[in-house]
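Subject: Structure for your files

Hello,

Here is the structure I said I would pass on. My notes on it follow below.

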Amino acid sequence: MPHRLERWARGLDTIVEASGRIASWTGLALVLVMAANVIIRYVFRTGSVAMQELEWHLMAPLSLLCIAYAIKHEGHVQVDILYGRLPRRVQEAIGLFSAIMAVALCIILVRLSWPYVMQSYRIGEGSPDPGGLPHRWILKALIPAAFVLLGIQSLAATFRALIPFTGGPHRDVPSTVTINAP
């Protein structure tokens with residue numbers, strides 16, 4: 001039977017997993033929009049500002065909302081030269097401290113980015129280019145959303161890091177240099 005903290009972490013993981021999978025579909029939309037832009041530009045010798053802006057509007061959810069998903073699946077680079085040589089208890093303490101600091105950082109960044117989004121919403125910010133996309137605040141709202149998701153993933157990591165300190169099983173830690181890359 002999983003430890004209670006592990007069950008909580010798995011519950012949080014489902015949020016990150018679902019949002020990452022949904023946001024990843026913007027990758028397909030991005031490819032289709034880019035292909036359409038190329039066809040419109042080179043076959044029909046015309047273009048659309050809105051379609052060009054849509055490319056980076058689709059890149060934003062793909063990159064921002066999938067950060068937590070990538071970390072959940074260890075799709076980041078991690079070099080453990082010194083960490084792997086430390087005693088297990090020190091590694092566990094570093095993991096706990098890092099996870100707590102990540103949660104704190106996410107809270108700070110959500111608080112700092114929210115007024116930025118609200119200002120954009122209040123002024124009805126849109127594209128400065130004629131024919132561009134309106135509602136720029138929606139795009140800017142992805143910034144705090146990304147840090148909420150990263151905070152959720154970091155909270156799940158905090159729960160998992162707490163398990164050995166509450167009498168639960170110790171997690172296997174790497175003893176050599178590891179580089180995890182997608």
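S113 lies in helix α4, where helices (H or I, at least four residues) and strands (E, at least two) are DSSP runs, numbered from the N terminus. The model is a predicted one: local features need pLDDT of at least 70 and side-chain atom pairs count only at pLDDT 80 or more, while totals for chains, interfaces and linings use all residues. Residues are numbered from 1 along each chain as its sequence is written, and side-chain values use heavy atoms, with hydrogens and water left out.

S113 has a relative accessible area of 8% and is therefore buried (buried means under 20% relative accessible area, exposed over 50%, partly exposed in between, with a 1.4 Å probe and protein chains only). A polar atom of the S113 side chain lies 2.9 Å from the backbone oxygen of L109. Apart from residues up to four places away in sequence, S113 touches I143 and P144, contact meaning heavy atoms within 4.5 Å.

Helix packing

Two packed helices are described by the angle between their axes and the distance between the axes. Axes here are lines fitted to C-alpha atoms, for helices over the stretch in contact, and angles run from 0 to 180 degrees between N-to-C directions.

Helix α4 covers residues 88-122 and helix α6 residues 142-162; their axes come within 8 Å and cross at roughly 160 degrees. That angle makes α4 roughly antiparallel to α6 (under 35 degrees counts as roughly parallel, over 145 as roughly antiparallel, 65 to 115 as roughly perpendicular and the rest as oblique). α4 passes α6 in a left-handed crossing; a crossing is left-handed if the near helix is turned anticlockwise from the far one by less than a right angle, and right-handed if clockwise. The residues of this contact of α4 with α6 divide into 20 nonpolar, five polar and no charged. In these classes Ala, Val, Leu, Ile, Met, Phe, Trp, Tyr, Cys and Pro count as nonpolar, Asp, Glu, Lys and Arg as charged, and the others, Gly among them, as polar.

α6 also packs with helix α2 (residues 49-64), at an angle of about 15 degrees and with the axes 9 Å apart. α2 is thus roughly parallel to α6, and the crossing is right-handed. A60, P61 and L64 of α2 and L142, I143 and A146 of α6 make the contact. By class, the contact of α2 with α6 has six nonpolar, no polar and no charged residues.

For α1 and α2, the axes come within 9 Å and cross at roughly 160 degrees. This makes α1 roughly antiparallel to α2, in a left-handed crossing. On the α1 side the residues are A23, S24, T26, G27, A29, L30, V33, M34, A36, N37 and R41; on the α2 side they are M51, Q52, L54, E55, L58, M59, P61 and L62. The contact of α1 with α2 divides into twelve nonpolar, five polar and two charged residues.

Two residues of α1

G27, in helix α1, counts as buried at 17% relative accessibility. G27 and L62 are 35 residues apart in sequence, yet their C-alpha atoms are 6.3 Å apart in space.

E17 is buried, with a relative accessible area of 15%. Its side chain makes a polar contact with the side chain of H73, at 2.7 Å. A polar contact is a pair of N or O atoms within 3.5 Å; within protein, one must be able to donate a hydrogen and the other to accept it, and residues adjacent in sequence count only if both atoms are side-chain atoms. Not counting residues up to four places away in sequence, E17 touches Y69, K72 and H73.

Loops

Most residues other than glycine have a negative phi, and most peptide bonds are trans. R45, in the loop between α1 and α2, has a positive phi, near 55 degrees. R45 is exposed, with a relative accessible area of 68%.

H135 also has a positive phi, about 60 degrees, although it is not a glycine. H135 is found in the loop between α4 and α5 (136-140) and counts as partly exposed at 47% relative accessibility. E125 is found in the loop between α4 and α5. E125 and H135 are ten residues apart in sequence and 6.0 Å apart in space, C-alpha to C-alpha. Leaving aside neighbours within four places in sequence, E125 is in contact with S120, P134, H135, R136, W137 and K140.

Regards
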